Amino acid sequence: MEQTIKFCTAPDGVRIAYAIAGEGPPIVRAGSWLTHLEFDWKGPLMRHMLEGLAEHRQLVRYDVRGTGLSDREVRDISFDHFVTDLGAVVDAAGLKRFPLFASSQAGAVGIAYAVRNPERVSHLILLGAYARGAAHRPTQGPEFVNALRSVIRQGWGSDDPSYRQLFSSQFLPGGTPEQLRWFSERQRISATADVAEKIYAANMAVDVRGLLPQIKIPTLVLHCRGDRRVPLEMGHELAALIPGARFVLLESNNHLILEHEPAAEILLNEVADFLGDDRPKSWKRRVHATEAKLETIAREVETSSAFRIIAIIAAVTSVATFVVWMLS
């Protein structure tokens, strides 16, 4: 599956990069804190999710202002701009009505857009999302946000990856060393420290709880039980305050669900069922191919080890036989 990258202009003149992949009715993935259209598409962490969403639909996604392939030198970064940027992308793509998939920080953006444009959004899908940022949570608060802003400011663009690994461990506590390295590199190339801090601050200050009762479209809320980035109670809050919302608990400790986790298949199947689509299968071929390759390697190692043991036994037996013959 290939993607096509295009550009559009936000109302304030900022250029926004967006990508289209797949065929069929549209589905839009709202932009979140850290994205890079090319890096995510080719990398080992996001591809299974993107392919699953695009198997039966035309997937439209974009890099938020200041990140990825969008304009990097941006003066104005705010929640309202995030919402209008989403509007600029769907208008440029010529979409009239579409399901909106919004994960993590993009959840609040998707909620605001859906309330402001109820005629455009047919379904709302929220994954690991929240209505209020950490600055408004009793267990975190402004001091927590300011501490992380300081970490971003001081270490984001440095050669020492340990700063970025702080965020990697929150997003991917179950990630392999390779996946953690990839995510750390994704952070570095997605945005500068200055932009990353501004976007983080804007996301953590948001509070759209007052909009939740106004959502009148079918809504699916999914959240991982052990999510360390966005606490599970934030997902419960969304489902409780959005009229008629359906809640699905995913068994994972990761904020970004990995392709080998059972939760990945459950997530994509739930989304397909919610939209009335066939369940996606193509993304699993790569997973099965990887599993088959690992099994083959394991068998080869096991076989070679067995042959080595047999050879050693044979050698020892031969020596023992020779010694017995000499003594006799």
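Predicted model: local features only at pLDDT ≥ 70, side-chain atom pairs only at ≥ 80, totals over all residues.
Along helix 7, the buried residues are Gln 179, Trp 182, Phe 183, Ser 184, Arg 186, Gln 187 and Ser 190.

From here the reader can turn to a pair of helices. Two packed helices are described by the angle between their axes and the distance between the axes. Helix 3, made of residues 79–92, packs against helix 4, made of residues 106–116, at an angle of about 65°, and their axes lie 9 Å apart. Since angles of 65 to 115 degrees count as roughly perpendicular, helix 3 and helix 4 are therefore roughly perpendicular to each other, and the crossing in which helix 3 passes helix 4 is right-handed.

The contact itself brings together Phe 79, Asp 80, Phe 82, Val 83, Leu 86, Gly 87 and Val 90 from helix 3 with Ala 108, Val 109, Ala 112, Tyr 113 and Arg 116 from helix 4. Sorted by class, the residues in this contact of helix 3 with helix 4 are 9 nonpolar, 1 polar and 2 charged.

Although Ser 104 is not a glycine, its phi is positive, at about 55°. Ser 104 has a relative accessible area of 5%, and because buried means under 20%, Ser 104 is buried.

Key. Residues numbered from 1 in each chain as written. Heavy atoms only, no water. Buried < 20%, exposed > 50% of the residue type's maximum accessible area, 1.4 Å probe, protein only. Helix = DSSP H or I, 4+ residues; strand = E, 2+ residues; numbered from the N terminus. Axes fitted to C-alpha atoms, helices over the stretch in contact; angles between N-to-C directions. Parallel < 35°, antiparallel > 145°, perpendicular 65-115°, else oblique. Left-handed = near helix turned anticlockwise from the far one by under 90°. Contact = heavy atoms within 4.5 Å. Nonpolar A, V, L, I, M, F, W, Y, C, P; charged D, E, K, R; others polar.
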